[in-house]
Amino acid sequence: MVIVLVYAVEILLAILLKSSVFIHFSFGTGIVPDLLVMVVVAAAYQMGKTKGMIVGFFAGLMLDITTGGLLGVYALFYMFIGYLNGFMANFYVQNDILLPVVMAAGSEFIFMFLCYVFKLLTKGRLNIGSYVLHQMIPAALYTAVVFIIVYRLFDLIYWKITKPVFTDYSKVES
Amino acid sequence: MKERKKPKYDMEPRYVLLIMTMVCIFLIFFSYRFSDLFGSIRTRLNSMIIPMQKGITTIGNGINNTIDRFEEVDKLQKEIVELKAENERITREKERMEQSLYELERYKQLFGLADNYKTYPTVGANIIAKDTSGYFARFTLDKGYKDGIAVDMNVLADSGLVGIITEVGPHYSVVRSIIDDNNYVSAIVTKTEDNCIVCGNLELLSIGYIEIRDLSINTEARNNYKVYTSPLSDKYLPDILIGYISNIQNENDGLTKTGFLTPVVDFEHLTTVLIVTQLKVDMREAE
């Protein structure tokens with residue numbers, strides 16, 4: 001129950017910070033680290049596909065509500081990201097930072113790509129190279145860098161709440 | 001062991017994915033079909049988030065201002081010198097203009113022309129959030145229909161066009177700016193009076209331009225000509241400055257010309273805007 005509350009607060013904070021504080025750190029490029037992707041990636045990595053998907057769905061839905069446009073588009077995107085990242089949940093280890101950071105970068109890239117395909121390609125913007133170079137890759141890298149710091153926080157919170165028990169493989173084998 | 005404890009979570013994730021994808025598609029469909037109902041739900045939810053956003057924006061702006069202040073001292077000193085020079089130039093220009101304005105007034109009286117340039121009633125508003133999904137340039141203002149704001153009102157800043165209001169709640173409103181990739185404004189070029197379309201383009205924006213389309217092939221328009229909103233537009237009020245033409249060239253079809261447009265508004269450093277409280281529809285009815 002606590003974990004649901006914690007994720008609700010994390011999603012809300014992510015939306016508020018992304019649209020009001022992080023825009024000051026875009027350095028004139030219009031690119032900001034995507035805090036929602038970070039929340040979804042962390043959730044999926046820690047808790048698996050189904051829960052990652054649910055967190056992604058609600059995160060996307062909140063974004064849909066606050067930004068206008070059709071309801072359910074971002075929800076769909078973030079849900080897929082939650083599902084894809086859920087595949088990595090089997091490799092979850094505490095304090096591992098490399099894998100989730102790579103996952104976050106990949107997820108942000110996929111998210112931007114989905115946005116491009118569904119929202120701009122349908123408008124006839126065919127110059128994908130420019131979008132990849134000036135929007136998707138910078139956004140993915142920026143998200144990854146910020147995620148290094150943010151993920152430590154997420155992991156700490158997750159461990160404080162759940163105190164997960166893992167099989168100690170070193171003892172099983174011996 | 002986990003399966004025995006919680007059998008209700010036993011559903012395969014891919015089936016959950018399938019079901020939730022369908023839920024999403026239904027949501028998209030219904031929010032498209034019944035936009036009024038969903039709009040009111042969204043407005044209610046948004047009204048809860050907006051106050052929080054306002055608070056956080058205030059903090060964010062505070063932090064940003066403190067950082068900026070250190071950087072700006074040098075810049076300001078340089079700027080003062082430049083501005084003094086410019087002030088002098090403008091004063092001289094102004095005198096010259098006043099002279100010719102006086103002359104113009106006289107001619108107008110002679111011809112009995114009505115005063116064409118209307119001054120629109122405006123209301124100031126602060127930007128409290130920006131949609132930063134990369135491709136879109138929308139933002140949220142801190143005034144809503146309780147402050148007399150309505151959908152389709154024009155938004156100005158730096159005496160140029162910023163965008164148009166697309167959504168209104170009790171104490172907030174959402175603006176789609178002219179640099180948004182989905183935004184089209186019908187416009188008119190000064191001096192040559194050619195009609196054209198100004199549309200946002202994300203690729204060009206990174207080098208400080210938006211796009212201008214559908215200029216007639218026979219146009220006499222040159223770089224640095226001013227572009228204003230056209231009286232033909234449904235939603236945009238006439239005679240609002242949009243920007244300056246640059247890099248005009250022939251289109252491949254041989255029928256039209258396209259070019260770049262430098263907006264007068266500095267979209268990067270926008271914090272306050274003016275909302276024009278007059279609607280184009282009302283203007284037409286009045287006429």
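These are some notes on the two chains of this model, taken one at a time and then together.

1. Ground rules. This is a predicted model, so local features are held to pLDDT of at least 70 and side-chain atom pairs to pLDDT 80 or more, while totals for chains, interfaces and linings use all residues. Residues are numbered from 1 along each chain as its sequence is written, with chains lettered from A and ligands numbered from 1 in the order in which they are written.

2. Chain A overall. Chain A has 7 helices and 0 strands (helices are DSSP runs of H or I with at least four residues, strands are runs of E with at least two, and both are numbered from the N terminus). From the N terminus on, the order is simply α-α-α-α-α-α-α. Of its 174 residues, 51% are buried (20 or more other C-beta atoms within 10 Å of the residue's own; 12 or fewer is exposed, in between is partly exposed, and C-beta atoms are placed from the backbone). Taking contacts between residues at least 6 apart in sequence, 69% of those in chain A join residues at least 24 apart (a contact needs C-beta atoms, placed from the backbone, within 7 Å).

3. Helices 1 and 3 of chain A. Have a look at how helix 1 (residues 2-20) of chain A meets helix 3 (residues 49-67) of chain A: their axes come within 10 Å and cross at roughly 35° (axes are lines fitted to C-alpha atoms, for helices over the stretch in contact, with angles from 0 to 180 degrees between N-to-C directions). The crossing is right-handed, that is, the near helix is turned clockwise from the far one by less than a right angle. Helix 1 of chain A brings Y7(A), I11(A) and I15(A), and helix 3 of chain A answers with V55(A), F58(A), A59(A), M62(A), L63(A) and T66(A). That contact splits into 8 nonpolar, 1 polar and no charged residues (Ala, Val, Leu, Ile, Met, Phe, Trp, Tyr, Cys and Pro are nonpolar; Asp, Glu, Lys and Arg are charged; the others, Gly among them, are polar).

4. A59(A). This residue of helix 3 of chain A is buried because 30 other C-beta atoms lie within 10 Å. Beyond residues up to four places away in sequence, A59(A) touches I11(A), L36(A), V39(A), V40(A) and Y78(A). A59(A) and A8(A) are 51 residues apart in sequence, yet 8.5 Å apart from C-alpha to C-alpha.

5. Chain B and its barrel. Chain B comes to 5 helices and 12 strands, and 29% of its 287 residues are buried. Six strands form a closed antiparallel barrel in the order 1-2-5-4-3-12, with neighbouring strands turned by 45° against each other on average, direction ignored. Within chain B, strand 4 and strand 5 (residues 173-177) run antiparallel and are joined by 5 bridges (strands pair when DSSP finds at least two bridges between them), and V168(B) stands opposite S173(B).

6. V155(B). Found in strand 3 (residues 154-157) of chain B, V155(B) counts as buried because it has 26 C-beta neighbours inside 10 Å. Setting aside neighbours within four places in sequence, its contacts include V162(B), I165(B), V175(B), V273(B) and I275(B).

7. Strand 6 of chain B. Strand 6 (residues 184-189) of chain B pairs antiparallel with strand 7 (residues 195-199) of chain B over 5 bridges, with V185(B) opposite V198(B). In that hairpin, which has 5 residues between the strands, K191(B) takes a positive phi near 70°. Strand 6 of chain B also pairs antiparallel with strand 9 (residues 226-229) of chain B, over 3 bridges, where V189(B) stands opposite V227(B).

8. The interface. Here 39 residues of chain B are in contact with 39 residues of chain A. On the chain B side, two or more residues each come from helix 2 (13-33), helix 3 (35-111), strand 1 (122-131) and strand 4 (160-168) of chain B. Helix 3 of chain B gives the most, 11 residues. By class, the chain B side has 18 nonpolar, 13 polar and 8 charged residues.

Key: Contact = placed C-beta atoms within 7 Å.
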